[in-house]
Amino acid sequence: MRLLLDQFEKIACAVLLLLMTLLGFANVVIRYGTNRSLAATEELLTGGFVLLTVFGAAIAARRGEHLAVELISDMLPAPLRRAVIVIATLLSVLLLAASVWFCWQLLVNQMGNGMRSYALGLPLWWYSAALPFGFALVLIRYVQAALRGRDG
């Protein structure tokens, strides 16, 4: 169970990528075989790319591999560099917390207004349901990496 929790975002990305690849491949085969296309493919793949991006960001956050512009901070003396890193970390945590909150608000709004997707007619909130969770996961992994960086 712990392995599943520790590797959740990797498993989610692998499953999403597999499903998206199969869906894209099926659409190509059907399009070339019948001269028609699966109408919902674009909708499903777009939703998959969004989730893949969020869970991929969680993987990068966990590894401490998010992009950073270190040109200026590397030129600073050590105490000031640490202060800049702490401020940047706090601002990143604030941004991720805001992302969780705004995605939650989006989800609540979509659930309340009854909007439906254009191809399949599914409730639009189905595509957004994992976003608050995904950004919360990025936030947790980012904080874990930041604490590991200070400890180690």
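Modeller: What follows begins with the core, then moves to the helices around it and to a few charged residues.

This is a predicted model, in which local features need pLDDT of at least 70 and side-chain atom pairs count only at pLDDT 80 or more, while totals for chains, interfaces and linings use all residues. Residues are numbered from 1 along each chain as its sequence is written, and side-chain values use heavy atoms, with hydrogens and water left out.

The largest nonpolar core has 19 residues. Such a core is a set of buried Ala, Val, Leu, Ile, Met, Phe, Trp, Tyr and Cys residues joined through side-chain atoms within 4.5 Å. Buried means under 20% relative accessible area, exposed over 50%, and partly exposed in between, with a 1.4 Å probe and protein chains only. Phe55 and Val138 touch the most other members of this core. At least two of its residues come from each of α2 (8-34), α3 (41-63), α5 (78-113) and α7 (131-151). Helices are DSSP runs of H or I, at least four residues long, and strands are runs of E, at least two long, numbered from the N terminus. The largest share of the core, eight residues, belongs to α3. Leaving aside residues up to four places away in sequence, Val138 touches Val54, Ala57, Ala58, Ala61 and Leu96; contact here means heavy atoms within 4.5 Å.

The 23 residues of α3 should span 33 Å at 1.5 Å a residue, and the end C-alpha atoms are 32 Å apart, which agrees. The expected span is 1.5 Å times one less than the number of residues. Just after α3, Gly64 has a positive phi of about 70°.

Glu43, also in α3, is buried yet has no salt bridge, a term for a side-chain nitrogen of Lys or Arg within 4 Å of a carboxyl oxygen of Asp or Glu. The nearest side chain of opposite charge, Arg116, is 9.6 Å away; Lys and Arg count as positive and Asp and Glu as negative, with His and the chain ends not counted. The side chain of Glu43 makes a polar contact of 2.8 Å with that of Ser117 and reaches the backbone nitrogen of Ala119 at 2.7 Å. A polar contact is a pair of N or O atoms within 3.5 Å; within protein, one must be able to donate a hydrogen and the other to accept it, and residues adjacent in sequence count only if both atoms are side-chain atoms.

For α5, the 36 residues reach 52 Å from first C-alpha to last, close to the 52 Å expected. Its buried residues include Thr89, Leu96, Ser99 and Cys103. Ser99 has its C-alpha 8.4 Å from that of Ala136, 37 residues apart along the chain. Ala136 is in α7 and, at 23% relative accessibility, counts as partly exposed.

A search of the whole structure finds one salt bridge. Glu9 pairs with Arg141, with the closest N and O atoms 2.9 Å apart. The two are 132 residues apart, Glu9 in α2 and Arg141 in α7. Glu9 counts as buried at 1% relative accessibility, and Arg141 counts as buried at 6%.
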